[in-house]
Amino acid sequence: MAGAAVNRKPIAKSPRDWRVAPNLLDYERTRAEFSWDAARRALDGLPGGGLNIAHEAVDRHAAGPRRDRLALRFLAKRGAVRDLTYARLAVLTSRFANVLTRLGVARGDRVFALAGRIPELYVAALGALKHGSVFCPLFSAFGPEPIRQRMTIGDGRVLITTAALYKRKVAELRSALPGLKHALLIGAPEEIRALPGTLDFNRLMDEAGDQFAIALTKPDDLALLHFTSGTTGTPKGAMHVHEAVVAHHMTGYYALDFHPDDIFWCTADPGWVTGSSYGIIAPLTHGVTSVIDEADFDAERWYGILQDQGVTVWYTAPTAVRMMMKVGVEVVRKYDLRRLRFIASVGEPLNPEAVLWGREAFGMPIHDNWWQTETGGIMIANYLAMEVRPGSMGRPLPGIDAAIVHRGKDGAVAEVDAPDVEGELALRPGWPSMFRGYLHEEERYRKCFADGWYLTGDLARRDADGYFWFVGRADDVIKSSGHLIGPFEVESALLEHPAVAEAGVIGKPDPVAGEVVKAFVSLKAAYAADDALRRELLGFARKRLGAVVAPKELDFVAAVPKTRSGKIMRRLLKARELGLPEGDLSTVETGTEAL
Ligand code: ATP
Ligand code: MG
């Protein structure tokens, strides 16, 4: 594996680094004393052993002292602000549940949403959960085919979208979606009336009653259907149950350190699992206020939001951090961000350089954490009160057993006890937000489990202190002259060079070495792509990584291809390099879109 070329000096923490008493102060003790039963007791539950996400997220606060607290604050693209208190959110979600009942939607039916980050989407999500139907968000920038594909797999009965999106993307699909019974549109009444086979969302909401007896769902009843990001292939529909809320709440407490007065901003779109587990559910279960920005990334706008909204806890993604790094630290200095106290990141590996940049720009490291659509919630994290090791994903949450395993030829799985050995990252099944299947793909689901482990498909290693280090996705790891090379390590080294904005690294087949490392690099604005810079970057990487691991080839690209959720798509770089079919492209980013 690549050497410790990248600066990995741990960042120690002391009480000076936190402004509140951290929820996780003594890691070992909290882990030892933790039980999922106790975590369940932190929530209300429903009569008869029931559990419903919407009750824990909305109704229980609306019925208590936090009823007038701001639950969601929406910042529209052009400056308008729409606020929903917990009490108001309870009323609107009840109305939406009544709308579903009136339309004859049954419990367990799939309710899809295709919309930007607008209030109606959040109301529909929580209202569907209240009603007992299964909510499935679609990213609003999807084109017709990805929409059709997911709605067909998910057997969508209801779709909530805007009139504009319906006209542009759904109308042409309608005959291909026989299962779609109701299309509820948000928009001007005349515009909706002109669209056959559709209903007016706002009219139905106006006609609906404010009271709804919440569905007495059981912990194991399906609640959410979430498609994976499609980074490695065709997206899979991961199924989650109401019990997931126990993990959302617990991880919000320990990994994001939610305190009752927090103002939280999760920049992820609800079309991805981060945007629903942490952009909707987890903060609400804690009764905190979430800020939601309808606009797409813009560094100055984002700093303005952090400042003006007084954001205290911020959850974002490596790609956003790299974009901010590209803009430069001087811009941050113009803003007063003193209320910000904790920053976390998820989605793909966070380069050590980005962790350190957080300290320079915001006065605190960015705390990487790791999870997947399948795990439903954060599994491994860097915590407020604990040393951060730049480049490491951190340590497992209380209640989560993570290990490095090797799979034998016979399929047997053996846990690796020794530190610093690479292998597949595996988790002991049984945490509440664990997915319960890939919809209609039983075999694929079954293959994720062996010998009592859930196998994540990611390669990692664990150091002697229990910190996990991401090596690469199993599919992305490069085998060169008998060495295993993780693209992340190479990308991180390249990112240390001042000219580099982003880097994607692949293995290119080679008759001698098996594979050679090839890098694709996009540059910061002030730099020109030429041979001299190429040579310089190759030399720079060789110095840091050694000749075996450093790229042998390097191409400049205008932009590294990414998923719409901001993940580098190495499989696409590879397919293009080798002239192979590009595979499922439904989640490829095509411009500057939401993260
Ligand atoms: P698909 O499964 O469709 O290929 P995907 O794996 O990108 O897409 P997600 O479930 O959104 O879909 O992403 C989870 C994956 O993202 C993880 O398995 C891991 O590879 C990567 N990831 C997420 N967070 C981190 C992190 N902090 N460090 C490294 N990798 C991460
Ligand atoms: Mg995956």
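**Notebook: domain contact and salt bridges**

I began with the contact between the two domains: 23 residues of domain 1 are in contact with 21 residues of domain 2. The model is a predicted one. I took the bounds from the domain assignment, which puts domain 1 at 15-462 and domain 2 at 476-578. Over C-alpha atoms, I find the domain centres separated by 31 Å.

Next I looked up the area. About 1,900 Å² is buried between domain 1 and domain 2, with carbon and sulfur atoms giving 56% of that. On the domain 1 side, Thr 231, Arg 322 and Lys 326 supply 25% of the area buried against domain 2, more than any other three residues.

I then went through the polar links across the boundary. I count eight residue pairs in polar contact between the domains. Helix 13 (318-327), helix 15 (352-362) and strand 21 (453-462) each give two or more residues to the side of domain 1 that touches domain 2. Helix 13 gives the most, with three residues. By class, I sort the residues on this side into eight nonpolar, nine polar and six charged.

There are two salt bridges between the domains. I noted the pair of Arg 322 and Glu 502, with the closest N and O atoms 2.8 Å apart.

I followed Glu 502 further. Glu 502 also forms a salt bridge with Lys 562, at 2.7 Å between the closest N and O atoms. Lys 562 sits in the loop between strand 27 (553-556) and helix 19, and Glu 502 in strand 25, so this pair ties together parts 60 residues apart in sequence. I find both Lys 562 and Glu 502 buried.

A further pair is Glu 553 with Lys 518, at 3.4 Å from N to O. Glu 553 is in strand 27 and Lys 518 in strand 26, 35 residues apart. I record Glu 553 as partly exposed at 27% relative accessibility, and Lys 518 as buried at 4%.

I checked helix 19 (residues 570-578), whose buried residues are Arg 570, Arg 571, Leu 572, Leu 573 and Ala 575. Their cover includes helix 17 (487-495), strand 25 (500-510) and strand 26 (514-523). Gly 579 follows helix 19 and has a positive phi, near 65 degrees.

Last, I counted 51 salt bridges in the structure. In one of them, Asp 220 meets Arg 436 with the closest N and O atoms 2.8 Å apart. Both residues lie in loops, and the pair ties together parts that are 216 residues apart in sequence. I have Asp 220 as exposed at 53% relative accessible area and Arg 436 as partly exposed at 28%. A salt-bridge network links Asp 220 and Arg 436 with Asp 37, Arg 40 and Glu 243.

Conventions
Residues are numbered from 1 along each chain as its sequence is written. Chains are lettered from A and ligands numbered from 1 in the order in which they are written. This is a predicted model: local features need pLDDT of at least 70, side-chain atom pairs count only at pLDDT 80 or more; totals for chains, interfaces and linings use all residues. Side-chain values use heavy atoms; hydrogens and water are left out. Domain bounds come from an automatic or database domain assignment. Contact means heavy atoms within 4.5 Å. Buried area is the accessible area (1.4 Å probe) that two parts lose on being put together, summed over both. A salt bridge is a side-chain nitrogen of Lys or Arg within 4 Å of a carboxyl oxygen of Asp or Glu. A polar contact is a pair of N or O atoms within 3.5 Å; within protein, one must be able to donate a hydrogen and the other to accept it, and residues adjacent in sequence count only if both atoms are side-chain atoms. Helices (H or I, at least four residues) and strands (E, at least two) are DSSP runs, numbered from the N terminus. Ala, Val, Leu, Ile, Met, Phe, Trp, Tyr, Cys and Pro count as nonpolar, Asp, Glu, Lys and Arg as charged, and the others, Gly among them, as polar. Buried means under 20% relative accessible area, exposed over 50%, partly exposed in between (1.4 Å probe, protein chains only).
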